[in-house]
Amino acid sequence: MEVNVRDAAAHARRLGYQVITAEQLRATRCLLVLVGPDAQPFAVLVQRRSLITAADVQDFAEILFLRRLNRGFLVAVDGSFSNEARRTAQELRQAVITLTTELPPANGLVATGLHPVVDLH
């Protein structure tokens, strides 16, 4: 997935999601609010960076809080997550953040009942 809002939104649609909003936050970061088969909105923060840190997870948690969403995917494009990022995602109480390198297909979320705090692929 590219970190271009148009390409990211098109990718999410191909995976079976309805795109509610799509914003380019920075050159290396875009935010999507999607709805899947369960009709519950969630956010996806797509970020191109070699290492995603705890600060990135905290930034995303704040975005979720401000938008009144309780779950989201933080997608690392061409990167990985620091141990601190993993711990921070696990410790969050107000939101469930899934750390991943790929957004799963919408039908895969329903089939697996995916509700992990951290799911590294």
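This is a predicted model: local features need pLDDT of at least 70, side-chain atom pairs count only at pLDDT 80 or more; totals for chains, interfaces and linings use all residues.
**Exercise 1: Get the overall layout**

Work out which secondary structure elements the protein chain has and in what order they come.

*Solution.* Start with the tally: there are four helices and seven strands. Next, walk along the sequence, and the pattern reads α-β-β-β-β-α-β-β-α-β-α. Then look at burial: 45% of the 121 residues are buried. Finally, take the contacts between residues at least 6 apart in sequence; 56% of these join residues at least 24 apart.

**Exercise 2: Decide how H2 and H3 are oriented**

Find out whether helix H2 and helix H3 are roughly parallel or roughly antiparallel, and which residues make the contact.

*Solution.* Two packed helices are described by the angle and the distance between their axes. Here, H2 covers residues 54-66 and H3 covers residues 83-91, and their axes come within 7 Å, crossing at roughly 30 degrees. Angles under 35 degrees count as roughly parallel, so that's what H2 and H3 are. On the H2 side, the contact uses Ala54, Val57 and Gln58, while H3 brings in Glu84, Ala85, Thr88 and Ala89. Sort those residues by type and you get four nonpolar, two polar and one charged.

**Exercise 3: Check where to be careful**

Work out what the average pLDDT of the protein chain is and where pLDDT stays under 50.

*Solution.* Begin with the average, which is 87, with 88% of the residues scoring at least 70. Now go to residues 110-121: pLDDT stays under 50 there, although the model has 27 contacts beyond four places in sequence for this stretch.

Methods. Residues are numbered from 1 along each chain as its sequence is written. Side-chain values use heavy atoms; hydrogens and water are left out. Helices (H or I, at least four residues) and strands (E, at least two) are DSSP runs, numbered from the N terminus. Buried means under 20% relative accessible area, exposed over 50%, partly exposed in between (1.4 Å probe, protein chains only). Contact means heavy atoms within 4.5 Å. pLDDT is the predictor's confidence in each residue, from 0 to 100. Axes are lines fitted to C-alpha atoms, for helices over the stretch in contact, and angles run from 0 to 180 degrees between N-to-C directions. Angles under 35 degrees count as roughly parallel, over 145 as roughly antiparallel, 65 to 115 as roughly perpendicular and the rest as oblique. Ala, Val, Leu, Ile, Met, Phe, Trp, Tyr, Cys and Pro count as nonpolar, Asp, Glu, Lys and Arg as charged, and the others, Gly among them, as polar.
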